[in-house]
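This report describes helix packing and aromatic contacts. Please have the sequence and the model in view while reading.

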Amino acid sequence: MKTKTCLIGALSIGLAAGVTRILQYIFTIGPKGFYLHTPLADVLSIVLTALLAVGVIWCLIYGFSGSKEEACYSVLFRTKTKFNFFFFTVGLQSLVGCVIGIRNYLDTKSPLQLIVATLCLLGGIAWLIIDRKTVKGARVGLIAVLPVVHLGAVIIDYFWQTYKYIHVSAFTLALLGLCTCILLVLAVMKAAVGGACTLRRLGASAGLVLVFAFAGFWVPLFGEIFIENSMAENSYLFTLGMYLSGLAAQTLSSIVCHPQKQEEQPTEPDLSHLNEFLSNLPEIEEE
């Protein structure tokens, strides 16, 4: 029940943050991505900040108030189709990121770009292998480390490219969204290798992703509908965030549908055998 509340709240607050972000793009953000000096810009900025803060608190309260039961990876992520959609698409997106990273390396000769491209390649292959194992309900081995390392490299690369302009809201929201994504991927992969990961930790991590997903990934990707310059030049990054937010929704819905263990009620002792035993005891003759 707590996880369902976390899902509904995170989704509602995330959608509200996304709508607020759309209003910002339409009315209060200039073509270069900076806020205009208007009262409405200040109001919408405060509203967006408040929504995200409430969303984080909501997930921490209701997410971590969920079940303490250990997450069973094969039960949560086993699918009836031939592939797990979000695992499969995240893998393909990672391979696309590899191509983009190599292209950027050829343009800039930055060793970091080559490292990120290599990790995107390894991460994409890992996601696809995990997808195969997920469908079969099998446990994943040490290959589960690669998606976490890959996403960590993406975060470092993105921060290195944008830290000079981190005051631009689009960059800040995307970076925060990626940080929540790596928390989710780490929790999922811990469950995949049979590590200690409770349902409530998995649910709280997924809820945090949903809170930032719409404002951080979905709206910027389609921002050109609302404004000429949407600050979404890196469409690979925002598409990856969209798929990971879909994985978060799948995770939370799987936890909600997860059968809860019934606590065993202590049974009353059966005294019939004791009575029978006492009745068969031989009488002791008094001397």
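The model is predicted, with local features requiring pLDDT of at least 70 and side-chain atom pairs pLDDT 80 or more, while totals for chains, interfaces and linings use all residues. Residues are numbered from 1 along each chain as its sequence is written, and side-chain values use heavy atoms, without hydrogens and water.

**Helix contacts**

Helices are DSSP runs of H or I with at least four residues, numbered from the N terminus. Axes are lines fitted to C-alpha atoms over the stretch in contact, and angles between N-to-C directions run from 0 to 180 degrees. Helix α6 spans residues 145-162 and helix α7 residues 169-192; their axes lie 9 Å apart at an angle of about 170°. α6 and α7 are therefore roughly antiparallel (over 145 degrees). Their crossing is left-handed, meaning that the near helix is turned anticlockwise from the far one by less than a right angle.

Contact means heavy atoms within 4.5 Å. Among the α6 residues that meet α7 are Leu 151, Ile 155 and Phe 159, and the α7 side includes Phe 171, Leu 178 and Ile 182. This contact has 17 nonpolar, 2 polar and no charged residues. Here Ala, Val, Leu, Ile, Met, Phe, Trp, Tyr, Cys and Pro count as nonpolar, Asp, Glu, Lys and Arg as charged, and the others, Gly among them, as polar.

The axes of α6 and α9 come within 12 Å and cross at roughly 140°. His 150, Leu 151, Val 154 and Tyr 158 of α6 make the contact with Tyr 236, Leu 237, Leu 240 and Leu 244 of α9.

**Aromatic pairs**

Rings of Phe, Tyr and Trp (its six-membered ring) pair if their centres lie within 6.5 Å; planes under 30 degrees apart are stacked, over 60 edge-to-face and the rest tilted. The count is 8 aromatic pairs, two of which are tabulated here.

| Pair | Centre distance | Plane angle | Class |
|---|---|---|---|
| Phe 85 and Phe 86 | 5.1 Å | 80° | edge-to-face |
| Phe 159 and Tyr 163 | 6.0 Å | 35° | tilted |

Phe 85, Phe 86 and Tyr 243 form one aromatic cluster.

**A residue in α9**

Thr 251 is located in helix α9 (residues 235-257). Is Thr 251 buried or exposed? Its relative accessibility is 0%, so Thr 251 counts as buried (under 20%). Leaving out residues up to four places away in sequence, Thr 251 touches Phe 77, Leu 184, Leu 202 and Ala 206.

Technical notes. Helix = DSSP H or I, 4+ residues; strand = E, 2+ residues; numbered from the N terminus. Parallel < 35°, antiparallel > 145°, perpendicular 65-115°, else oblique. Buried < 20%, exposed > 50% of the residue type's maximum accessible area, 1.4 Å probe, protein only.
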